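Please read them with the structure open.

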Amino acid sequence: DAGITQSPRHKVTETGTPVTLRCHQTENHRYMYWYRQDPGHGLRLIHYSYGVKDTDKGEVSDGYSVSRSKTEDFLLTLESATSSQTSVYFCAISESSQGTGELFFGEGSRLTVL
Amino acid sequence: AQSVTQLGSHVSVSEGALVLLRCNYSSSVPPYLFWYVQYPNQGLQLLLKYTTGATLVKGINGFEAEFKKSETSFHLTKPSAHMSDAAEYFCAVTLNSGGYQKVTFGTGTKLQVIP
């Protein structure tokens, strides 16, 4: 199994509070991704990273920011959580940018915003 | 632009019956196609992928898929369902998009296997 650890695995928070989710990998893969999974929507890309301090927006990036100060860590921050951000968040890693590579996923972080 | 359509958000089959999960895609360039499986409370894991070459692709756990360019399809099949196949299945299309791997997922199909 790919070494990907997400923390926390479960979190309940209140509207307006900041939340940070952490993804840690031991595979030394260059590319890291944050997705959210919602019923009826599949997985949607929030942000991705193609190297240390190199990040860019995905299709649903509003309300989220990311940082990657080390190869192994990719942080997702909700500056002021809203109920619409209640979701399951998955981190994924890949060593390929060519489209042919497999994504390896963490086990997910379930976030509930009350 | 690329997109993926999975027909049927829920599919039920009897144990031992054929499994057929449908996936159609659109892509402006030759696609790379994937099927991922997600078991409850877990992340996704790769079942199989098509990049180039043989259009019939075999994956783990007895699954296979056939890339049909004329039909823009990549349906997933398994001759005989097992109880352990109950999971959610995602079709995905990927391409190299300006330095990262852009992956578009379908909305998923939950497979129920009835004893």
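The points below go from the whole chain to one strand and its partners.

1. Basis. This is a predicted model, in which local features need pLDDT of at least 70, side-chain atom pairs count only at pLDDT 80 or more, and totals for chains, interfaces and linings use all residues. Residues are numbered from 1 along each chain as its sequence is written, chains are lettered from A and ligands numbered from 1 in the order in which they are written, and side-chain values use heavy atoms, with hydrogens and water left out.

2. Secondary structure. Chain A has eleven strands and zero helices. Helices (H or I, at least four residues) and strands (E, at least two) are DSSP runs, numbered from the N terminus. The order along the sequence is β-β-β-β-β-β-β-β-β-β-β. Chain A is as compact as a globular protein of its length, because its radius of gyration is 13 Å, close to the 13 Å that the globule rule gives for 114 residues. That radius is taken over C-alpha atoms, and the rule is 2.2 Å times the number of residues to the power 0.38.

3. Extent and contacts. The C-alpha trace of chain A spans about 40 × 30 × 25 Å along its principal axes. Of contacts in chain A between residues at least 6 apart in sequence, 55% join residues at least 24 apart. Contact means heavy atoms within 4.5 Å.

4. Burial. In chain A, 49% of the 114 residues are buried. Buried means under 20% relative accessible area, with a 1.4 Å probe and protein chains only.

5. Strand 9. How many residues of strand 9 (residues 87–94) of chain A are buried? Eight of its eight residues are. In a regular strand the side chains alternate between the two faces of the sheet. Here both faces are covered. S87(A), Y89(A), C91(A) and I93(A) are buried on one side, and V88(A), F90(A), A92(A) and S94(A) on the other.

6. Partners of strand 9. Two strands pair if DSSP finds at least two bridges between them. Strand 4 (residues 31–38) of chain A runs antiparallel to strand 9, joined by seven bridges. There, M32(A) stands opposite I93(A). Strand 11 (residues 109–113) of chain A pairs with strand 9 in the antiparallel sense over three bridges. R110(A) is the bridge partner of V88(A). Strand 10 (residues 104–105) of chain A is also antiparallel to strand 9, with two bridges. A92(A) stands opposite F105(A) in strand 10.

Key
Buried < 20%, exposed > 50% of the residue type's maximum accessible area, 1.4 Å probe, protein only.
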